[in-house]
Amino acid sequence: MREARRVVVKVGSSSLTTAAGGLDADRVDALVDVLAKHVDAGSPEGEPAGLPGREIVLVSSGAIAAGLAPLGLAKRPRDLARQQAAASVGQGLLVARYTASFARYGRRVGQVLLTSDDTSRRAHYRNAYRTLDQLLAMGAVPVVNENDTVATDEIRFGDNDRLAALVAHLVRADLLVLLSDVDGLYDGNPATPGTRRIAQVHGPADLEGIDIGSAGSAGVGTGGMVTKVEAAGIAAGAGVPVVLTSAVHAADALAGRETGTYFHPTGRRAAGRLLWLAHASTPTGALTLDEGAVRAVVDRRTSLLPAGIAGVEGDFSAGDPVELRDTRGRAVARGLVNFDAKELPRLLGRTTYELARELGPAYEREVVHRDDLVLLRS
């Protein structure tokens, strides 16, 4: 933990705002004080220097919560339109506060707003990586958030815990720190006497029988302990270690002192964009595969051809994510489709050679290329 060079830190709305909505400047400054002191050359005179070469990406919630009070909203609205309006007002306030706070340490801030659509498509994914990598190379602190102003239900990450896990993989981080209003994962309700903090998680088996609970109590965010544990599982499964602790213990986590719950890596780093496709995309349709196509896609890891498709569901366009199912309706993979839903019915069961001869060379291609496909079960 202490020697991690590139760290993604996620902080939730409840750690930055008042219960009534609106940013709490003191809380923001307290967080920035910790982060700046752990970034290379980011400390003011008289303070210990950060780890040489250390870079931090901050994934910050709080835009919608920050916009509540200025718009006269008593609580987080349920409808998407007012959520987007609050995000539009609050995002500017949030970044302005971070900009002013990091400026005390001579640090610049760069805002990066993402939707899942930005990162499951190949070209968009590369652009997101280049932007974040360049900001870090130029000494800026990227502040990442979901683009709540324009994101719809179909292209939302759902919570910034999952976004943080995916960003950690995107930037090839050495560590992910999830900051909550609870100082770690407990084997029950932390407010109940006798519950204990779980110091380390080596894999899913360590979490069996544990009541993780639901959303947080502050009422200004969307996440809770469930989303944090799920995010930790995504990151750990992709080879990124995770520390889950409270915002007040952020300094301990970055300094490598024992705090919160440590999730050991359980897998290896995979092809980056496919992690987003598996965990951040929402399928807009489904393709039913015959048994031969299932074997080809799952066992031999081949592309999906028209000849192996038995059915089409949904209204999707070329480039959209779709679910690939077996004949019993079980999802076996997810991928980006190369044809519109209206085009596919006349292609089913036919070889690409036949289609090219009859319809032209544009039809001599895969329905889902193997580079745009991720398995959901093996």
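Me: Is Tyr-363 buried or exposed?
Reply: Tyr-363 is buried in this predicted model. Its relative accessible area is 14%, and the cut-off for buried is under 20%.

Me: And Phe-339, buried or exposed?
Reply: Phe-339 counts as buried, at 1% relative accessibility.

Me: What do Phe-339 and Tyr-363 form?
Reply: They form a stacked aromatic pair. The centres are 5.9 Å apart, with 25 degrees between the planes.

Me: Where do the two residues lie?
Reply: Phe-339 lies in the loop between β12 and α11. Tyr-363 lies in the loop between α11 and β13. So the pair ties together parts that are 24 residues apart in sequence.

Me: Which residue lies over the face of Phe-339?
Reply: Arg-365, at 4.0 Å from the ring centre.

Me: How many aromatic pairs does the structure hold?
Reply: Two. One of them is Tyr-98 with Phe-102: their ring centres are 6.5 Å apart and their planes are at 40 degrees, so that pair is tilted. Both residues lie in helix α3, four residues apart, about one turn of the helix.

Me: New topic. What order do the eight strands of the open sheet take?
Reply: The order is β3-β4-β2-β1-β5-β7-β8-β6, with mixed pairing.

Me: Which strands stand at the edges?
Reply: β3 and β6. Each has a single partner strand, so one side of each is left without a neighbour in the sheet.

Me: How many bridges join β1 to β2?
Reply: Six, and the two strands run parallel. Within that pairing, Val-9 has Leu-58 in β2 as its bridge partner.

Me: Which strands does helix α1 touch?
Reply: Helix α1 packs on the sheet and touches β1, β2 and β5. Its direction makes about 155 degrees with that of β2.

Definitions and conventions: Residues are numbered from 1 along each chain as its sequence is written. This is a predicted model: local features need pLDDT of at least 70, side-chain atom pairs count only at pLDDT 80 or more; totals for chains, interfaces and linings use all residues. Side-chain values use heavy atoms; hydrogens and water are left out. Two strands pair if DSSP finds at least two bridges between them. Contact means heavy atoms within 4.5 Å. Axes are lines fitted to C-alpha atoms, for helices over the stretch in contact, and angles run from 0 to 180 degrees between N-to-C directions. Rings of Phe, Tyr and Trp (its six-membered ring) pair if their centres lie within 6.5 Å; planes under 30 degrees apart count as stacked, over 60 as edge-to-face and the rest as tilted. Buried means under 20% relative accessible area, exposed over 50%, partly exposed in between (1.4 Å probe, protein chains only). A charge sits over a ring if NZ of Lys or CZ of Arg is within 6 Å of the ring centre and within 35 degrees of the ring normal.
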